[in-house]
Amino acid sequence: MNKLVGNKEVAETLRRFVATGRVPNALLFTGAEGVGKKQFAIELARCLVCANTNAHGACGQCAVCHRVGEFVNPIFEKGDESDFVFFSQHPDVGIIVPFRRNLRIGAVRALDREAHYRPFEAAARVFIVDDADKMNDAASNALLKTLEEPPATSHIILIAARADTLLPTIRSRCQTIRFAPVPVDEIERHLIDSCDFSPEDAALAARVSGGSIGRAIEIVPASFRTQRSAMLGVLKAAAVDNKRELLAASEEMADAKNKDEYEEKLGVLQTLIHDVWLLVNAADVEILNSEIEAELIQLSRQVSSPTLARWLGEIEVMSENFIVNINRKIATDSLFVEMAGR
């Protein structure tokens with residue numbers, strides 16, 4: 001577990017579980033998106049199936065260790081194609097994943113069946129429930145049945161960014177492990193050492209990642225700067241009540257050809273507004289987008305703190321509504337017009 005980035009306390013807790021042979025049959029890994037929960041789950045699985053586990057965890061060198069981490073990301077066209085446990089190259093380590101934004105009951109039932117089989121190669125089987133907070137009531141109740149009588153040789157790890165949305169009865173049957181955001185300096189060092197980022201790009205990605213190493217790795221700095229420039233234009237237009245420019249920006253942002261960047265741009269807009277809010281409310285504050293601090297300071301003189309807070313609330317509500325597939329063009333028009341009205 002020494003190679004994992006961030007959350008050293010979590011790594012130590014899991015190491016103690018393995019060393020004492022007391023790994024719970026049901027674990028809940030919870031924390032913000034991208035802080036490493038899935039990577040920690042895979043590493044724990046590696047510790048449970050590796051034949052050469054030592055005081056520091058799995059050996060990381062044997063064929064078993066390498067096979068555990070080799071997952072093929074499934075691509076679904078229909079919901080029922082996700083109703084399976086997808087195994088790594090090791091037959092005792094599997095994962096269930098959502099179809100779009102819904103973790104289906106069929107996938108949970110498949111997990112229940114597999115969890116009751118004895119291990120094929122190792123002393124235990126490990127099943128990861130990715131995005132467990134995307135279960136509906138039917139899937140939650142199906143999982144609850146499995147957790148009520150967990151097989152002795154199976155370990156189930158739930159990964160959830162929003163654990164509060166899980167049934168209380170599910171949470172009560174799991175040992176909860178809470179993950180914190182990864183410190184900026186650790187993310188920056190990892191990006192330089194392992195991901196071939198330049199120091200300048202690593203500093204940018206680490207700052208704007210929100211403590212999410214997963215998000216930091218996915219950031220393409222040049223593309224981020226382009227998106228940030230566009231969203232800065234939105235803020236400037238809102239500050240002077242330029243509805244025409246805002247509606248043009250909405251048209252561009254919600255265009256089908258740009259759909260893969262939509263939520264990223266919305267996230268960038270959110271960080272810019274938050275930075276301006278910080279500049280309005282505090283002196284000598286450290287902001288995420290320090291490269292454009294002068295422009296954000298200018299905006300902080302044009303927009304009030306309550307207005308910025310309201311904008312942030314509107315974006316939060318809008319993001320939550322994506323779960324029910326809202327019309328993005330209409331929602332973006334509404335958001336931008338609301339921002340212009342102040």
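**Salt bridges and the sheet**

D241 is partly exposed, with a relative accessible area of 38% (buried is under 20%, exposed over 50% and partly exposed in between, with a 1.4 Å probe and protein chains only). The model is predicted, so local features need pLDDT of at least 70 and side-chain atom pairs pLDDT 80 or more, while totals for chains, interfaces and linings use all residues. Residues are numbered from 1 along each chain as its sequence is written, and side-chain values use heavy atoms, leaving out hydrogens and water.

D241 meets the side chain of K243 in a salt bridge, 3.0 Å from N to O (a Lys or Arg side-chain nitrogen within 4 Å of an Asp or Glu carboxyl oxygen). K243 is likewise partly exposed, at 37% relative accessibility. The whole structure holds 21 salt bridges. One of them joins E114 to R125, with the closest N and O atoms 3.2 Å apart. This pair links distant parts of the chain, eleven residues apart: E114 belongs to helix α4 and R125 to strand β4 (DSSP runs numbered from the N terminus, H or I of at least four residues for helices, E of at least two for strands). R125 is buried, with a relative accessible area of 0%.
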